[in-house]
Amino acid sequence: MRQRRLGRLGHASSVLIYGAAALAEVGQDVADRSIQLALDAGVNHFDVAASYGDAELRLGPWMPRIRDDVFLATKTGQRAATDSWAEINRSLERLQTDHLDLIQLHAVCDLDELDLVTGGGGALEAAVRARDEGLARAVGITGHGHQAPATHREALRRFPFDTVLTPLNYVLSQDPAYLADYQALAAEARAQDAGLMIIKSVSRRNWPSGVEQQYTTWYEPFDDPERITAAVVWVLSHQEVTGVATPGDVRLLPLVIEAEKQVGTMPAAAAEAVLARAADYSSPFISIPF
């Protein structure tokens with residue numbers, strides 16, 4: 001699998017980042033098969049969060065075997081430093097490791113949230129403490145929603161985050177305001193040499209009312225090879241992107257792994273043409289169910 005440099009951290013990360021939200025509600029056997037599939041495909045970057053159900057517990061048994069071979073990131077969604085510090089230490093226990101490669105401030109989606117985490121007594125203090133005490137190598141920030149890119153650009157102005165995890169897909173790029181915010185974020189990340197990672201690359205839309213949700217993702221994903229391939233190729237055609245998080249359902253992982261093989265083979269213009277004619281394609285952030 002292709003690898004890209006994760007900004008100034010220098011890690012050669014696989015362009016597919018294992019989105020461990022997919023492990024939130026599965027048993028260990030299912031988790032084991034999914035993790036092994038990812039490792040066999042060349043995935044070396046795993047991203048989880050304290051709030052992802054049992055996901056940290058599912059990854060934990062693997063760490064004694066693979067810890068030195070993978071980049072391990074988790075997230076704290078707490079806003080106060082004391083609560084974040086407790087959550088970070090709980091994550092270390094659940095993940096069966098004494099250190100993280102990356103601790104991220106989770107779901108910082110607008111300026112109000114950013115003020116909370118970066119203000120006095122905020123979660124950033126706990127993340128920096130974890131870094132300074134050797135519990136984490138680096139500090140990052142994540143978030144979703146239409147304000148995320150602008151919020152994350154402001155975050156980089158306030159603090160030198162090592163990484164940013166922000167949303168991008170073709171349909172979001174068709175909103176001129178969103179695209180301008182994303183491009184400004186990308187420029188700032190490049191200037192600071194911060195790693196820029198992407199979520200929601202294969203999102204199709206919000207789940208329609210009355211439609212049975214067939215996947216554990218809170219948004220409806222693309223689930224056919226043509227559009228998943230186009231979505232992955234399109235996002236990874238952006239050279240500033242170091243990687244895309246795989247969607248939060250283990251059943252979609254094989255399709256995304258196959259899609260990555262077309263990067264560099266399928267022209268970005270061809271991927272864009274596929275996505276431009278996709279039916280019922282819209283932002284997943286019109287209505288966020290939490």
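H1 and H11 run roughly parallel to each other, because the angle between them is about 5°, which falls under the 35 degrees used as the cut-off. This is a predicted model, so please take everything I say as a description of that prediction. Helix H1 covers residues 28-41, and its axis lies 11 Å from that of H11. On the H1 side, the residues that meet H11 are Ser-34, Leu-37, Ala-38 and Ala-41. Their partners in H11 are Leu-253, Pro-254 and Ile-257. By type, this contact has six nonpolar residues, one polar and no charged.

An α-helix has 3.6 residues a turn, so residues three or four places apart point the same way.

One more residue of H11 is worth a look, namely Glu-258. Glu-258 and Ala-41 are 217 residues apart in sequence, yet their C-alpha atoms are 9.3 Å apart in space.

Now the other partner of H11. Helix H10, residues 225-236, packs against helix H11, residues 253-260, at an angle of about 55°, and the two axes are 8 Å apart. That angle makes H10 oblique to H11. The crossing of these two helices is right-handed. From H10, the contact uses Pro-225, Ile-228, Thr-229, Val-232 and Val-233. From H11, it uses Leu-255, Val-256, Ala-259 and Glu-260. Sorted by type, the residues of this contact are seven nonpolar, one polar and one charged.

Staying with H10, the helix has 12 residues and reaches 16 Å from its first C-alpha to its last, close to the 16 Å expected at 1.5 Å a residue. How many residues of H10 are buried? Nine of the 12 are, so H10 is mostly covered, with buried meaning under 20% relative accessible area. The buried ones include Ala-230, Ala-231, Trp-234, Val-235 and Leu-236. What do the buried residues of H10 pack against? Their neighbours are strand S1 (3-5), helix H8 (170-173), strand S9 (195-199), strand S12 (243-245), H11 and helix H12 (268-276).

Next, helix H6, residues 123-132. Its buried residues are Ala-123, Leu-124, Ala-126, Ala-127, Val-128 and Ala-130. These pack against helix H4 (81-95), strand S6 (102-105), helix H5 (111-118) and strand S7 (139-142). After H6 comes Gly-134, which has a positive phi, near 85°.

Lys-200 has a phi of about 65° and sits in the loop between S9 and strand S10 (203-206). Lys-200 counts as buried because its relative accessible area is 12%. Asp-280 has a phi of about 55° and lies in the segment after H12. Asp-280 is partly exposed, because its relative accessible area is 47%.

To recap the helix pairs: H11 is roughly parallel to H1, and H10 is oblique to H11. That is what I have for today.

Definitions and conventions. Residues numbered from 1 in each chain as written. Predicted model: local features only at pLDDT ≥ 70, side-chain atom pairs only at ≥ 80, totals over all residues. Heavy atoms only, no water. Axes fitted to C-alpha atoms, helices over the stretch in contact; angles between N-to-C directions. Helix = DSSP H or I, 4+ residues; strand = E, 2+ residues; numbered from the N terminus. Parallel < 35°, antiparallel > 145°, perpendicular 65-115°, else oblique. Left-handed = near helix turned anticlockwise from the far one by under 90°. Contact = heavy atoms within 4.5 Å. Nonpolar A, V, L, I, M, F, W, Y, C, P; charged D, E, K, R; others polar. Expected span 1.5 Å × (residues − 1). Buried < 20%, exposed > 50% of the residue type's maximum accessible area, 1.4 Å probe, protein only.
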